[in-house]
Amino acid sequence: MEEELNSIVESAKRNVSAVNSRAGFEAFKAEISGPNGTLTRVMKGMGSVPKEDRPAFGKLINEAKTELQALYDNVLRSIEEAEIAERLGPSIDPSLPSYALGPGSLHPLTQIREEISRIFKQIGFTVAEGTEVETEYYCFDALNTPADHPARDLQDTFYFPDNASFGNVSKKEDERYLLRTHTSSVQIRTMLQDDPPIRIISPGRCFRRDTVDATHSANFHQVEGLYVDKNVTVRDLKAVLDYFFEQMLGKGTKTRFRPHFFPYTEPSFEVDFSSTHLAKLGSEWVEIAGCGMVEPAVFDSVGYDPEVYSGFAFGMGIERIAMIVYGIDDIRYFYQNDHRFLKQFA
Ligand code: DAH
């Protein structure tokens, strides 16, 4: 039996070099592993092998099968490679002139991000940076966001394995790393680093376990805003956002605040806007941002005295703004790198 198996493998090795077409390969394989193949016949002989010898015999058959499968895989790969080479034809002509590469341009999301920063700079905001890999503390705890908040759910958030480590993010022993779900963590990083008055925006990339469709992407961008000083009121918040949206979306743009809940602001609002851009989308009011007055518990977690300081915060999606400004109806266009799309913003 063993000899028979050896000779099947050996003869397959000898004959394989003559196989150079798909049809040839099928015939070669059928002769060994087909219904009447040499290997199949040996396997059928299994029934007549004494019971105690069967495990050893089975092992030999498996070894032979593995060797033959490797042989099949190899020969099939070289046949495929040869087919591709034939289809591609003779090698490339290096004397052909290359495509004329026009000058590049900024991605529409970058253009919108720069415009947002430009507008806020006019009224005294600076740009602060955070990190895309965050800790639960910066992303949630310090923002007064309880452990049972849905954003902390494994379903909604990309967590790293417990043993992951990242140089520039400070993490407590039992905390987890995650890809930040919003830019609000930059509020905490900024307040821990600087004393009031604070006036920052922070554009950047965020991540959520969203199923991708026309309006959702697992990877997206937000801009966060934070203003902390003495005697800051909701009126300041409304004035700043009104100014921003009118600059961004054109004269006559209106905003309205609707009461809402965020753990890190009290009171909290959702912001809707109304502008001529909306004619493109066929609606009157569209939700565009979340905002509110910084919750005292957040000041506590960064060591600011809530009796002395007050402030406002806001956050909004950059894709959302870009889609409104440019009349784009599918968020996926931003990430597909399709030149036909991108060149419209050059
Ligand atoms: N972090 C919120 C989100 O991702 C947006 C937000 C709401 C930011 C209210 C804020 C805020 O700073 O005050 O949906």
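Where is Asn 231 found?

Modeller: Asn 231 is found in the loop between strand β5 and helix α8 (234-249), where helices (H or I, at least four residues) and strands (E, at least two) are DSSP runs numbered from the N terminus. This is a predicted model, in which local features need pLDDT of at least 70 and side-chain atom pairs count only at pLDDT 80 or more, while totals for chains, interfaces and linings use all residues. Residues are numbered from 1 along each chain as its sequence is written, and side-chain values use heavy atoms, with hydrogens and water left out.

The phi of Asn 231 is near 60°, a positive value in a residue other than glycine. Most residues other than glycine have a negative phi. Asn 231 counts as exposed because its relative accessibility is 70%, the cut-offs being under 20% relative accessible area for buried, over 50% for exposed and partly exposed in between, with a 1.4 Å probe and protein chains only. Asn 337 can be set beside it, for its phi is also near 60° and its place is in the loop between α11 (318-326) and α12 (339-342); with 62% relative accessibility, Asn 337 is likewise exposed.

Strand β5 (residues 219-229) is joined to β9 by 8 bridges, and the two run antiparallel; strands are taken to pair if DSSP finds at least two bridges between them. Strand β9 covers residues 310-317 and is mostly covered, since 7 of its 8 residues are buried. Another antiparallel partner of β9 is strand β8 (residues 286-294), joined to β9 by 5 bridges, and here Gly 315 in β9 is the bridge partner of Gly 290.

Taken as a whole, the sheet is open and is formed by 7 strands in the order β1-β4-β5-β9-β8-β7-β6, with mixed pairing. The edges are held by β1 (126-127) and β6 (254-262), each of which has a single partner strand, so one side of each is left without a neighbour in the sheet. For β6 this partner includes strand β7 (residues 265-274), to which 8 bridges join it in an antiparallel run, and Lys 254 stands opposite Ser 274 in β7. Strand β7 also holds Pro 267, and the peptide bond from Glu 266 to Pro 267 is cis, with omega near -5°.

Helix α5 (residues 108-122) lies across β1, β4 (198-207), β5 and β9, and runs at about 165° to β4; contact here means heavy atoms within 4.5 Å, and the angle, on a scale from 0 to 180 degrees, is taken between N-to-C directions of axes fitted to C-alpha atoms, for helices over the stretch in contact. Helix α7 (residues 185-193) contains Ser 185, which is buried because its relative accessible area is 0%. Leaving aside neighbours within four places in sequence, Ser 185 is in contact with Glu 134, Tyr 138, Cys 139, Leu 143 and Arg 180.
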